4 protein chains.
Amino acid sequence: MPGSSYGTMFRITTWGESHGKGIGVVVDGCPAGLPLCEEDIQTYLNRRKPGQSKYTTARQEDDAVEILSGVFDGKTTGTPISMIVFNRDQRSRDYNEIASFYRPGHADYVFDQKYGFRDYRGGGRSSGRETIGRVAAGAIACKILKELGITVTTYTRSIGEISCMPENYDFSRLPLSSLCMPDADAETRAQLFLDKCIERQTSSGGTVECIVKNAYAGIGETVFDKLDACLGKALFSIGGVKAVEIGDGIAVSKALGHENNDQYICKNGIPQKISNHAGGILGGMSDGSDILVRAIFKPTPSISRTQSALTKERTCREINIHGRHDPIIVPRAVVVVECMTALTLLDLLLQNMSSTMDNLRTIYHRT
Amino acid sequence: MPGSSYGTMFRITTWGESHGKGIGVVVDGCPAGLPLCEEDIQTYLNRRKPGQSKYTTARQEDDAVEILSGVFDGKTTGTPISMIVFNRDQRSRDYNEIASFYRPGHADYVFDQKYGFRDYRGGGRSSGRETIGRVAAGAIACKILKELGITVTTYTRSIGEISCMPENYDFSRLPLSSLCMPDADAETRAQLFLDKCIERQTSSGGTVECIVKNAYAGIGETVFDKLDACLGKALFSIGGVKAVEIGDGIAVSKALGHENNDQYICKNGIPQKISNHAGGILGGMSDGSDILVRAIFKPTPSISRTQSALTKERTCREINIHGRHDPIIVPRAVVVVECMTALTLLDLLLQNMSSTMDNLRTIYHRT
Amino acid sequence: MPGSSYGTMFRITTWGESHGKGIGVVVDGCPAGLPLCEEDIQTYLNRRKPGQSKYTTARQEDDAVEILSGVFDGKTTGTPISMIVFNRDQRSRDYNEIASFYRPGHADYVFDQKYGFRDYRGGGRSSGRETIGRVAAGAIACKILKELGITVTTYTRSIGEISCMPENYDFSRLPLSSLCMPDADAETRAQLFLDKCIERQTSSGGTVECIVKNAYAGIGETVFDKLDACLGKALFSIGGVKAVEIGDGIAVSKALGHENNDQYICKNGIPQKISNHAGGILGGMSDGSDILVRAIFKPTPSISRTQSALTKERTCREINIHGRHDPIIVPRAVVVVECMTALTLLDLLLQNMSSTMDNLRTIYHRT
Amino acid sequence: MPGSSYGTMFRITTWGESHGKGIGVVVDGCPAGLPLCEEDIQTYLNRRKPGQSKYTTARQEDDAVEILSGVFDGKTTGTPISMIVFNRDQRSRDYNEIASFYRPGHADYVFDQKYGFRDYRGGGRSSGRETIGRVAAGAIACKILKELGITVTTYTRSIGEISCMPENYDFSRLPLSSLCMPDADAETRAQLFLDKCIERQTSSGGTVECIVKNAYAGIGETVFDKLDACLGKALFSIGGVKAVEIGDGIAVSKALGHENNDQYICKNGIPQKISNHAGGILGGMSDGSDILVRAIFKPTPSISRTQSALTKERTCREINIHGRHDPIIVPRAVVVVECMTALTLLDLLLQNMSSTMDNLRTIYHRT
């Protein structure tokens with residue numbers, strides 16, 4: 001039954017509800033000797049902070065992280081790293097009505113069915129605030145990958161019908177972009193579209209894309225714990241994701257074999273793949289080229305429009321969900337996708353260390 | 001490093017290479033008292049057997065399963081069920097040349113990178129024959145689900161550009177359909193398309209769809225082990241899958257919130273969802289309506305056309321892959337998708353048994 | 001590498017160092033609907049509190065627990081229960097010298113060997129304070145077992161050569177006993193013995209015994225996750241334990257088969273075992289009679305006597321460990337043994353729920 | 001519920017009943033590149049073969065192992081290694097009466113309680129034959145350890161009251177010793193004692209001791225997955241073990257701190273421990289000195305004397321267990337203890353590879 005842990009060698013356990021005392025995560029299995037401070041974590045948490053533009057909720061969430069254990073003299077010790085973000089707003093007054101009915105598109109009904117009752121305050125454990133733990137842990141994973149030369153870049157690929165064009169990508173604009181889009185022109189159009197969504201009291205879906213560079217070949221296990229399988233689980237575990245693609249993704253269903261196979265040619269004697277339809281993963285393992293994954297998010301289910309909901313007494317009633325809500329999840333989910341990707345890759349990379357007798361002998365005899 | 005096990009409470013471990021002595025699986029955690037015989041398993045294995053039409057390879061694979069343990073007096077005993085399918089054709093002569101280069105679209109290169117060398121005979125562990133273990137175990141999972149009233153129906157949704165239309169679905173034709181399509185008209189067109197693929201020495205991608213009926217609400221864990229996350233991993237772990245969709249899947253990126261939320265209406269006093277865009281999963285748990293998943297498969301990488309490959313010496317060379325190969329993976333993958341879905345659902349269902357104190361008291365006091 | 005989690009279905013993850021910000025635990029997999037408040041936990045934590053007699057250290061540790069998540073309206077919600085005890089005394093000044101050498105009987109040396117450096121303040125992660133997380137989680141496990149009618153009673157069986165006699169057992173005295181001994185006479189002699197240990201600047205070993213009553217037959221898995229195997233791991237994971245016994249334990253090496261087999265006789269038509277040499281466990285499963293386990297603890301390694309230690313520079317030097325230390329671990333370890341036993345039994349009991357098709361059908365059809 | 005797997009990185013899954021078709025094991029996570037052949041395994045299996053002296057059962061068990069997967073060109077490939085030993089004698093005729101009652105000291109009763117019924121032929125899954133899978137897998141673990149310079153030596157330490165004296169140890173005699181005793185004199189006396197046991201239709205308990213040499217310091221995780229905790233679980237999971245000791249074991253309960261602490265002295269400038277009461281494990285990790293563990297076995301429960309048993313109808317009746325049975329388990333259990341120790345040590349050693357950033361960088365940059 002326990003479903004709040006992720007990873008085998010780099011294992012995280014998250015806890016906390018949106019209106020409880022706080023949200024936290026315990027990271028177990030972090031290699032010793034990594035320089036780490038709260039600022040390393042805070043930078044990532046700030047990227048998921050709401051209230052950064054009119055397209056994200058105006059709720060005040062000042063998510064300051066505290067490291068409680070596992071770091072000594074500025075370095076990780078190899079023991080569990082516990083991190084906490086205290087919730088500022090624990091008032092539950094706004095949420096009492098919500099206890100009596102089940103909102104469309106939310107987890108209210110299934111929680112009651114599974115557990116007999118639920119913490120109905122602000123979504124409880126199914127709130128978007130749950131991702132704080134993932135991001136805090138993911139910040140550490142990203143730092144380790146960076147030390148090895150591996151980079152993870154993540155951004156909004158599309159919002160509604162508007163998609164960024166790779167030829168317009170300018171990743172330097174991401175930190176300041178309100179919608180996390182690398183294509184300035186697409187962003188302008190997406191903003192206009194979201195303005196209309198707000199006006200129409202509705203919300204929009206979208207796509208997050210993630211590129212991993214410099215991962216060596218051979219990461220991922222061969223049958224069930226394939227790199228793509230683990231990435232699939234990682235991304236589908238983020239609330240609101242309804243599809244995941246690797247490389248060309250859904251387009252391969254219409255592709256032909258001779259086009260879809262990434263063949264090799266030699267340029268100046270150095271062999272290289274002429275294409276990367278596979279998105280850097282073959283046979284469940286990284287193949288040394290860029291790893292490309294996409295998570296497709298549904299529109300925010302919280303909309304201010306009147307909707308028809310189910311009540312606890314099994315009748316239907318019209319409801320209005322008050323408060324200000326994001327017209328789109330995607331821009332705030334970008335860092336979550338980045339962190340889940342990093343956590344997954346690092347975990348498989350650590351598992352990979354014992355894949356050969358040569359590796360084993362190398363480590364054993366140096367110690 | 002071990003990646004050949006799947007599941008927590010209903011746990012399977014597969015083993016075997018395409019040209020080794022055999023392929024097998026150990027199922028641990030099967031509840032005691034399930035009537036089980038080899039015929040129950042064989043029926044499922046026969047559905048993935050090649051040579052059933054001109055669209056699947058003509059290789060002779062007579063996959064007869066043997067149950068070696070865990071069944072006594074015709075019922076499961078609660079101890080591990082070991083099953084084996086001996087390989088008939090263990091000749092490796094056809095595969096010696098393959099040792100010297102890496103085929104495009106295959107796992108040859110990454111195996112060598114990860115392990116230092118590989119069993120190059122017929123794909124070794126990355127061969128499609130690896131799925132025999134999944135199907136043998138999945139047959140048991142399907143049988144248990146059936147005992148609870150849960151049915152899993154799986155079929156080819158699309159091949160290339162040709163897609164089955166739900167209004168034409170006739171599931172009764174599936175057992176005799178060469179392409180596992182429930183739409184007779186679509187199948188005829190798909191056959192013509194595949195004939196052209198064979199003629200052009202290429203292959204096609206496609207989509208497998210799976211519908212689960214009568215699963216109660218609340219199956220799935222709330223954060224990382226969500227039902228959709230686990231299904232995502234299950235389906236991406238099948239070789240050749242490049243995208244997975246739940247419910248409306250990729251289409252939600254272009255949907256609006258008020259359309260995408262599945263609202264409730266009351267018909268004759270009984271509340272029901274007016275739509276199922278969510279594909280039966282909310283907040284990571286089944287919501288009581290039909291669960292709908294899709295796995296998107298790439299074209300078979302083995303094609304007879306001349307291709308450019310990488311050699312062990314890091315040069316490029318032209319290769320021709322001899323032998324007869326499937327122009328499409330999808331029809332034979334249908335039963336694999338069905339089995340991975342059943343294994344995932346059953347595992348989470350068993351985990352769900354201890355979700356409440358009421359359940360615990362019920363079981364404890366009846367024993 | 002992660003070693004700070006315990007359990008499969010009732011899974012706990014502990015974190016924290018003796019001189020960090022705090023110590024905590026996350027409990028994942030607790031069934032929903034259990035009434036729970038901080039007082040339930042505090043009662044158990046108070047039993048391991050130091051400073052309760054002259055035989056336990058006089059350090060002030062006011063271990064007040066706070067529940068941060070997973071409880072709503074006074075009941076567990078099924079989501080992770082995070083608990084924290086803040087450390088009052090985080091001063092590290094007393095511990096700077098300790099960084100330069102490795103104390104005999106402590107983990108100093110092995111931590112440096114494994115991780116390259118260590119948090120040397122007060123034992124860091126290998127401090128006895130690490131058990132706070134186990135006890136907080138174990139208190140919940142004990143409460144669940146109690147709801148099912150299962151009781152766990154734990155006490156000091158022996159200190160040095162002095163052993164409690166079963167014929168003198170009076171369990172009602174345990175809450176007030178400074179040494180947690182159920183035999184008043186033995187306790188008096190043990191106190192005199194410990195006075196002498198203090199005088200001689202040394203410490204003593206001892207034995208903790210634990211009896212579980214009313215556990216039904218069949219708890220425990222059949223090969224590796226046997227009930228006794230899991231109990232063995234649970235108790236050996238407590239710092240200072242050097243032997244574990246089940247039932248007659250070490251004495252069976254000298255027993256004869258016809259004496260050691262627990263035969264049945266019928267009294268008034270009701271069959272009963274005439275003995276319980278097996279300690280309530282057969283074939284790795286509970287057999288319905290009392291479960292009896294013992295953990296044997298070494299003498300506290302922290303003694304004030306001058307000792308010869310290893311330095312970081314690989315020389316030897318004489319050291320004196322300052323401060324007041326317990327002359328014996330055992331009385332404070334009693335509640336830790338109780339909690340590890342309860343956690344183990346509950347975890348296997350939850351796993352046992354899906355052991356038969358009958359159980360599965362019962363739960364599935366009531367929901 | 002699945003309890004037939006052991007290990008995290010080097011993971012084994014066993015299956016099979018004493019009177020089914022065979023017994024087997026799947027080893028997942030074995031590093032690639034280890035030279036391996038069936039003879040490597042057979043050597044270990046032969047050490048547990050019955051019928052080697054009059055002190056072990058005369059049943060004919062010709063346990064020839066077959067490797068079915070995971071080895072290619074004489075080396076492990078990194079994929080699962082499946083091994084099988086077919087049962088020669090599958091006749092169940094001798095066991096039909098046994099179905100109606102529960103033998104004292106056996107798992108008959110608990111199996112029926114847990115699963116509702118049992119495979120009553122020859123103990124089914126709780127038969128000693130279950131250890132074949134452990135030994136086959138352990139042989140591989142031992143080979144890997146040997147490649148790293150780590151040796152595991154195991155022998156009968158005591159039978160009944162007769163104990164081997166370390167001053168008489170001659171390990172070279174072990175391969176030919178009928179009782180696996182390194183002390184020739186003790187063995188002679190033990191043989192006389194066992195003759196008397198046979199005459200008296202009873203059986204004897206005993207102790208197996210295991211010494212690991214050349215394991216480096218730092219193996220084992222710091223809280224729950226301590227080396228001693230994992231060894232404790234490993235040894236208690238062997239049928240018939242009722243106590244486990246590390247180092248001085250049970251004697252530490254009567255030791256004093258200043259004696260029990262292993263202090264350091266410098267000899268010719270090289271520091272060394274003056275004693276090894278700890279048995280090579282401190283704080284749950286290997287400390288670089290010899291690791292010493294002991295498993296205490298109960299007398300064989302199968303004795304030919306008349307005993308009083310429980311029937312399925314909950315009455316008592318006298319029974320006689322026919323056939324020839326070992327008067328002692330210990331000599332045949334020696335190799336099982338050795339294998340479980342090796343499996344445990346290797347698994348933790350592989351987990352240890354990612355304990356520091358230095359290790360991670362070393363492996364990542366060499367690949």
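This is a predicted model: local features need pLDDT of at least 70, side-chain atom pairs count only at pLDDT 80 or more; totals for chains, interfaces and linings use all residues.

Mentor: Residues are numbered from 1 along each chain as its sequence is written, and chains are lettered from A and ligands numbered from 1 in the order in which they are written.

Trainee: How are α3(C) and α7(C) oriented to each other?

Mentor: Helices here are DSSP runs (H or I, at least four residues), as strands are (E, at least two), numbered from the N terminus. The axes of α3 (residues 131-147) and α7 (residues 330-352) of chain C come within 8 Å and cross at roughly 55 degrees, where axes are lines fitted to C-alpha atoms, for helices over the stretch in contact, and angles run from 0 to 180 degrees between N-to-C directions. Angles under 35 degrees count as roughly parallel, over 145 as roughly antiparallel, 65 to 115 as roughly perpendicular and the rest as oblique. The relation of α3(C) to α7(C) is therefore oblique.

Trainee: How many nonpolar residues are in the contact of α3(C) with α7(C)?

Mentor: Two residues are in contact if their C-beta atoms, placed from the backbone, lie within 7 Å, and the contact includes Ala141(C) of α3(C) and Leu343(C) of α7(C). Ala, Val, Leu, Ile, Met, Phe, Trp, Tyr, Cys and Pro count as nonpolar, Asp, Glu, Lys and Arg as charged, and the others, Gly among them, as polar. Beside two polar and two charged residues, the nonpolar ones in the contact of α3(C) with α7(C) number 15.

Trainee: Which residues of α3(C) does α1(C) meet?

Mentor: Helix α1 (residues 38-47) of chain C packs against α3(C) at an angle of about 125 degrees, with the axes 9 Å apart, and the two are therefore oblique to each other. From α1(C), the residues Asp40(C), Ile41(C), Tyr44(C) and Leu45(C) meet Ile132(C), Val135(C), Ala136(C), Gly138(C), Ala139(C) and Lys143(C).

Trainee: Is Met181(C) buried or exposed?

Mentor: Met181(C) sits in the loop between β10 (162-163) and α4 (184-199) of chain C. A residue is buried if 20 or more other C-beta atoms lie within 10 Å of its own, exposed if 12 or fewer, and partly exposed in between, with C-beta atoms placed from the backbone. Because 31 other C-beta atoms lie within 10 Å, Met181(C) is buried.

Trainee: Which residues does Ser304(B) touch, not counting residues up to four places away in sequence?

Mentor: Ser304(B) belongs to the loop between β17 (291-297) and β18 (307-311) of chain B, and with 18 other C-beta atoms within 10 Å it is partly exposed. Ile321(B) is 17 residues from Ser304(B) in sequence, yet their C-alpha atoms are 5.4 Å apart in space. With that limit on sequence distance, Ser304(B) touches Gln201(B), Asn320(B) and Ile321(B).

Trainee: What do the buried residues of α8(B) pack against?

Mentor: In helix α8 (residues 357-366) of chain B, the buried residues are Met357(B), Asn359(B), Leu360(B) and Ile363(B). Seen down the axis, they fall within an arc of 155 degrees, so they line one face of the helix, the arc being that of the directions from the helix axis to the C-beta atoms. The buried residues of α8(B) pack against α3 and α8 (357-366) of chain C.
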